[in-house]
Amino acid sequence: MDFKPMGSDEEAVAMKEGQMVEVIDASKPRRWLVRTLPMNGDEISLEGWVPACYLEKSTAFDTLSSYVVTEAELDPKELEATQNREAIVKELVETEEDFAKDMQYVVENYYKQMDNPRLPKEFRDRKGSVFGNFKDICDFHNNVLMKGVNYHAKEPTKLGKTFLRLERDFDMHANYCWNEARAQRLLREGPLKDFFDDHSRMIDDDKFLVDHLKLPIQRLNDYQLLLKELIKYSSRLNEDTSDLQKALDFIHSINTRTKDLQNIQAIEGCKGDLLKIGRILRHVSESL
């Protein structure tokens, strides 16, 4: 059976049934790096990644690395799980890119407006209250997380490591979620709301700032759904999902961290920045 890679998989190479290939790297159980062997003088040799299930050891050449493309011996359910997982990974990568662009749009068209010297000082003084660490999150997704997601896109079970490695960086999302409710209250009514609503209309934006500020929170929900799907299909392929599950658990825990921040802010008599004292390990409510 011929192998035709998905259009988005630029590292793969097409193969025809019966074609000879040389295996260059077989370290991954399901995906091998091969070099095609020309079937006639007009063809050129190509290199790329292919599913290992399409290859069968060849006896035509006296070499340990010669294989021939044959009928894929993949169970229909396993094939379906593989294809569904590839679709989820593709969705994760593409939506991460879209999210990063949307965040950057808000930074360029709204966040930077708060630095305009022509803006009343009382508005400029509200920058932190309105946006919190929105720009930090934008930079993190554009410059760090997106690279990690793309790096492990070809090995889905390792995507969990990307999130786990950056777990501490996601603390900024908990801080943002805590601040976002305050920002929504500020933009519910009053002159600041009027200013940004007018600005949205002026730049022909089909959304208002209050809608854009929900982006980081909505993205956390996306991660939970996508990670659950990756776990489901990877489990059907009998692959290790422990890192994916840990990543899902910690993304889910960000809501708890947000509540912890609310409790930390309620602490009285503590000198210094309360947000720098660390995480709450235990919280007990007592009545006196």
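Reader: What places K135 and D139 about one turn of the helix apart?

Author: In this predicted model, K135 and D139 both belong to helix α4 and lie 4 residues apart, about one turn of the helix.

Reader: Why is the pair K135 and D139 called a salt bridge?

Author: The closest N and O atoms of K135 and D139 are 3.1 Å apart. The cut-off is a Lys or Arg side-chain nitrogen within 4 Å of an Asp or Glu carboxyl oxygen, so the pair K135 and D139 qualifies as a salt bridge.

Reader: How do you know whether K135 and D139 are buried, partly exposed or exposed?

Author: K135 has a relative accessible area of 29%, and D139 has 27% relative accessibility. Buried requires under 20% and exposed over 50%; therefore K135 and D139 are both partly exposed.

Reader: What makes K161 and D243 a salt bridge, and which parts of the chain does the pair link?

Author: The N to O distance between K161 and D243 is 2.9 Å, which is within 4 Å, so the pair counts as a salt bridge. The pair links distant parts of the chain, with K161 in helix α5 and D243 in helix α10, 82 residues apart.

Reader: Why is D243 classed as buried?

Author: D243 has a relative accessible area of 16%. This value is under 20%, so D243 is buried. K161, at 43% relative accessibility, lies between the cut-offs of 20% and 50% and is therefore partly exposed.

Technical notes: Residues numbered from 1 in each chain as written. Predicted model: local features only at pLDDT ≥ 70, side-chain atom pairs only at ≥ 80, totals over all residues. Heavy atoms only, no water. Helix = DSSP H or I, 4+ residues; strand = E, 2+ residues; numbered from the N terminus. Buried < 20%, exposed > 50% of the residue type's maximum accessible area, 1.4 Å probe, protein only.
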